[in-house]
Amino acid sequence: MRRKHIAPLVAAALTGVVALSGCQGGSQGDSGGRSHSFIVGAGEVDGLDPVQTKTMTAQMVVANLYANLIEQKMVPVADGYLDGADEYVNGIVESYETAEDGKVLTFKLAGGLTFADGSPLTADDVVYTMKRTLSDASYVSGSSTVFMHISDAEKQIVAVDPSTVRVTLDSPAPAVNAFLALSTFGILSAEKGKANAGANGAATEFFVKNATPSGPFTLDSWTAGESVKLVKNPKYVHAGDVYPEQLTILNMADEDQRYLALKNGDIDVALDLSPRLVKEASSEAALTVHSMPSSTLYYLGMNPKVAPFDNKLVRQAVAAAVPYELLMQEVLLGQANPAYGVVPHNMTTSTAPSEKATQYETNAERAKQLLAQAGVRDLTVDLSISSADPISVDSAVHIQSALAQAGIKAQIKQLADADFETRSKAQELGFFVANWASWVQDPFFQMRALLLTDRATNRTGFANAAFDKLVLDGIAEGDRAKRDELSAQAQQIVIDEASFVGLFTRNLSVVTRSDVDGITLADDQLLRLKYLSRK
């Protein structure tokens, strides 16, 4: 994944009509076997509502059932997968116009659009979907309204005519295209939604259990806890670019089961394998490993409200003792990259000097010096982790050993996942390992979520008024150069305060049979299965 800039069309405030380029897929060859059918070993599907699903597998299914106004362009890279580019291509739009002031977006829909059942897809469906996603019925409404600069969706999103949608922003929004391309903005049927409005008026109960596909696939069957079967949607506007005729997504909770099924040729794609199995797969001739750099970030949190981490010198000492390179090699088996601060190197505005630079240098002697300056001796701390995350568990063991070399005794406290989530979100843990993955590769989205004072996802207890102002100013700022400067200043505060210490970014690893092509790395890390093909 290259370092990315978000939404160039809007950020540059282009004028006139922009005719977006078409989709780009992988190779289209056959090699026998299942040919145009693919079986994916994944996890559980907890529902089909784009703004309610919580599991990654369900989110992937939704991303392939529904079409968006625009989509992230996928570009082949040397490592053999399709990488999400800094550009957006046509989803269901024919053209996309941005006013000179960058605040009025006009979408012209392609002609003859329908849902999978043949019913017309019009501007009313787009407006219904967008307002629903930005409403209280959606768990992404808060961040979406903030970053898309839409404070009143009812007034700011309108259907001009059956094929035209106009969106008026409060101010230019550099991240608006990235949000529009997310699965949460996949176009639903307004007719079906209104007919099944339910108790909350947003048809949540209906859409959790039912699909109104507008995208590359339609729902053939869903057996809860077992499998989902998708078939190609001939009504999809770009159906000619879709290679798979059928997809079966199996709930295979045990990763060894997924891996064995892949080795035996019973499935074509295995998701969410551990570093151990990914490494083993790399030596199998019949398998292909796609280990793709992502922004999934593991970090060490030190709560400045909890002693001894209320002393910045202590936090800096811990940061100096952490064995960053060892963690990447021993825990992730090389399937990771350094995390430089809160904004990874592959995210726009990262201040990392290179892809291999770590936030702090591992130096036990420097750690001892900092502890001496702090006047701290014989320090004992609790290091909390979720027992459900083996990467955190393994990382904690290595961090414990490294801290001992600097004179710090760390006692590892494995908490049940629910307990860890509750206590860390309540900022009760003084010292812990956690992780975070952003759907939107925007630095201010990342920093707002992880470190803005009193945010529900701020687990560290970090509170810095200067940082907060920089982040909030960056969210509101439409000029890219000014955003870059604000981001750099905010990142430096995080590095200096050493309350949030990036450990590494974990690669997104997908293992396939060797004849499978078209694996994608979108910004939201959800596979776009229409690109699957056979070599």
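Q: In what order do the strands of the open sheet of three strands stand, and with what pairing?

A: Please note at the outset that this is a predicted model. As a general idea, strands of a sheet pair through backbone hydrogen bonds, either parallel or antiparallel. Here the open sheet of three strands has the order 3-4-20, and its pairing is mixed. Strand 3 (70-76) and strand 20 (520-521) stand at the edges with a single partner strand each, so one side of each has no neighbour in the sheet.

Q: How many bridges join strand 4 to strand 20, and do these strands run parallel or antiparallel?

A: Strand 4 (residues 82-90) and strand 20 run parallel and are joined by two bridges. To locate the pairing, one may look at Leu82, which stands opposite Thr520 in strand 20.

Q: Which strand forms a hairpin with strand 7?

A: Strand 7 forms a hairpin with strand 8, and two residues lie between them. Strand 7 (residues 157-161) and strand 8 (residues 164-168) run antiparallel, with four bridges joining them.

Q: Let us turn to helices. At what angle do the axes of helix 17 and helix 18 cross?

A: Two packed helices are described by the angle between their axes and the distance between the axes. For helix 17 (residues 465-476) and helix 18 (residues 480-497), the axes cross at roughly 155° and come within 9 Å. Because angles over 145 degrees count as roughly antiparallel, helix 17 is roughly antiparallel to helix 18. The crossing of helix 17 past helix 18 is left-handed.

Q: Which residues of helix 17 and helix 18 meet?

A: From helix 17 come Ala466, Phe467, Leu470, Val471, Asp473 and Gly474; from helix 18 come Arg483, Leu486, Gln489, Ala490, Ile493 and Val494.

Q: How do helix 4 and helix 16 pack?

A: The axes of helix 4 (residues 141-148) and helix 16 (residues 443-451) are 12 Å apart, and the packing angle is about 135°. The two helices, helix 4 and helix 16, are therefore oblique to each other. Helix 4 passes helix 16 in a right-handed crossing. Gly142, Ser143, Val146 and Phe147 of helix 4 make the contact with Phe444, Phe445 and Arg448 of helix 16. The residues of this contact of helix 4 with helix 16 divide into four nonpolar, two polar and one charged.

Q: How many aromatic pairs does the structure hold, and why is the pair of Tyr299 and Phe432 edge-to-face?

A: The structure holds twelve aromatic pairs. In the pair of Tyr299 and Phe432, the ring centres are 6.1 Å apart and the planes stand at 75°, so the pair is edge-to-face. This pair links distant parts of the chain, since Tyr299 lies in strand 13 (residues 287-302) and Phe432 in strand 17 (residues 431-436), 133 residues apart.

Q: Finally, some backbone details. Which residues does a cis peptide bond join, and what is phi of Ala498?

A: The cis peptide bond joins Ala307 and Pro308, with omega about 5°. Pro308 is placed in the loop between strand 13 and helix 11 (312-321). Ala498 has phi near 55°, a positive value in a residue other than glycine. The loop between helix 18 and strand 18 (500-513) is the place of Ala498.

Terms used: Residues numbered from 1 in each chain as written. Predicted model: local features only at pLDDT ≥ 70, side-chain atom pairs only at ≥ 80, totals over all residues. Heavy atoms only, no water. Pairing = 2+ DSSP bridges. Axes fitted to C-alpha atoms, helices over the stretch in contact; angles between N-to-C directions. Parallel < 35°, antiparallel > 145°, perpendicular 65-115°, else oblique. Left-handed = near helix turned anticlockwise from the far one by under 90°. Contact = heavy atoms within 4.5 Å. Phe/Tyr/Trp six-rings, centres within 6.5 Å; stacked < 30°, edge-to-face > 60°. Nonpolar A, V, L, I, M, F, W, Y, C, P; charged D, E, K, R; others polar.
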